[in-house]
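Please walk through this model with me, from its overall build down to single side chains. The sequence and structure come next.

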Amino acid sequence: MADIQTVWDTVTARGEYQIKDGSLLAGKDVETAVLISLFTDRIADINDDLPDSTSTTRHDRRGWWGDTGQQYPIGSRLYLLERRKAPLLVEKDAVNYAIEALQWMIDDLVVARFDVKAMFVQPNQLRLTVDAFRQDGSVISKISEDLW
C-alpha cells in the first residue's frame, strides 16, 4: 500500500494532502519523501547564521523534537537562505543543503543518486530541481519547485 502523498503548494510554501474520491491521495512515495526531506526544518548547526542574523547560540535553531537522540536529523537547512542576498552563494548553498537533506535516501538504498540544481528564475525567486534515479539509471521522480 502506498503512503499518503504530499503535494507541495508553492504559493503557501507548504505541503498539503489532497482528497480524491473521499480518500487521501496516495502514491508518489519517493516524491513525498523528497518534499518532506527538503521542506522540514533540520536543526541549524551551531555555527550557522540564522535568517534573522543572530547567533544560533542565543536563538531558536529550529529542528524537530523527534530528532532528539537520533543519529541523523530529518529535514534541511534551506530555511537559512530566506534572507540571503548574494545569488551565487544562495544557489550553491541551496544545492548543498538539499543534498545533505536527501542523503538518507541514498544511504537507505531508496534511490541510487540525485541530480540537484538551483537557479534564480527571477531576482527574488529561487527554483530547486531534484531528479531521483534508480540503480539502473532510470528516473524515479522529477521535482521542480519555486522555493521563494
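**From fold to side chains**

Starting at the N terminus, the elements of the chain follow the order β-β-β-β-α-α-β-β-β. That gives 2 helices and 7 strands. Helices (H or I, at least four residues) and strands (E, at least two) are DSSP runs, numbered from the N terminus. The model is predicted: local features need pLDDT of at least 70, side-chain atom pairs count only at pLDDT 80 or more, and totals for chains, interfaces and linings use all residues. Residues are numbered from 1 along each chain as its sequence is written, and side-chain values use heavy atoms, with hydrogens and water left out.

Now the chain as a whole. It has 148 residues, and 36% of them count as buried. Buried means under 20% relative accessible area, exposed means over 50%, and partly exposed lies in between (1.4 Å probe, protein chains only). The accessible surface of the chain is about 9,400 Å². Carbon and sulfur atoms hold 51% of that surface. Accessible areas come from the Shrake-Rupley method with a 1.4 Å probe; for residues, only the protein chains shown count as cover. Contacts tell of the fold too. Among contacts in the chain with a separation of 6 or more, 43% join residues 24 or more positions apart. A contact means heavy atoms within 4.5 Å.

Look at the surface next. I4, Y17, I19 and L24 form a nonpolar patch there. Patches are made of residues with over 30% relative accessible area and no salt bridge; like charges are joined within 9 Å, and nonpolar side chains (Val, Leu, Ile, Met, Phe, Trp, Tyr) within 5 Å. One member, Y17, lies in the loop between β2 (14-16) and β3 (19-20). Why does Y17 count as exposed? Its relative accessible area is 53%, and the cut-off for exposed is over 50%.

Turn to the charged side chains. How many salt bridges does the structure hold? There are 3 salt bridges. A salt bridge is a side-chain nitrogen of Lys or Arg within 4 Å of a carboxyl oxygen of Asp or Glu.

One of them joins R77 and E100, at 3.0 Å from N to O. This pair links distant parts of the chain, 23 residues apart: R77 is in the loop between α1 (29-39) and α2 (87-107), and E100 is in helix α2. Is R77 buried or exposed? R77 counts as buried, because its relative accessibility is 9%. E100 is partly exposed, because its relative accessible area is 26%.

R77 has other partners. Leaving aside neighbours within four places in sequence, R77 is in contact with R42, I43, A44, D45, D48, Y97 and E100. L38 is 39 residues from R77 in sequence, yet their C-alpha atoms are 8.1 Å apart in space.

P73 also sits in the loop between α1 and α2. At 26% relative accessible area, P73 is partly exposed. Leaving aside neighbours within four places in sequence, P73 is in contact with R42 and D67. P73 and W104 are 31 residues apart in sequence, and 9.6 Å apart in space from C-alpha to C-alpha.

Another salt bridge joins D131 and K142, at 3.6 Å from N to O. Here, too, distant parts of the chain are linked: D131 is in strand β6 (residues 125-133), K142 is in strand β7 (residues 139-146), and 11 residues separate them. D131 counts as buried, because its relative accessibility is 11%. K142 counts as exposed, because its relative accessibility is 58%. Not counting residues up to four places away in sequence, D131 touches R113, F114, D115, S141, K142 and I143.

D115, one of those contacts, has a salt bridge with K117. Their closest N and O atoms are 3.6 Å apart. At 27% relative accessibility, D115 counts as partly exposed.

R113 is another residue that D131 touches. The charged end of R113 sits over the ring of F133, 3.9 Å from its centre. A charge sits over a ring if NZ of Lys or CZ of Arg is within 6 Å of the ring centre and within 35 degrees of the ring normal.
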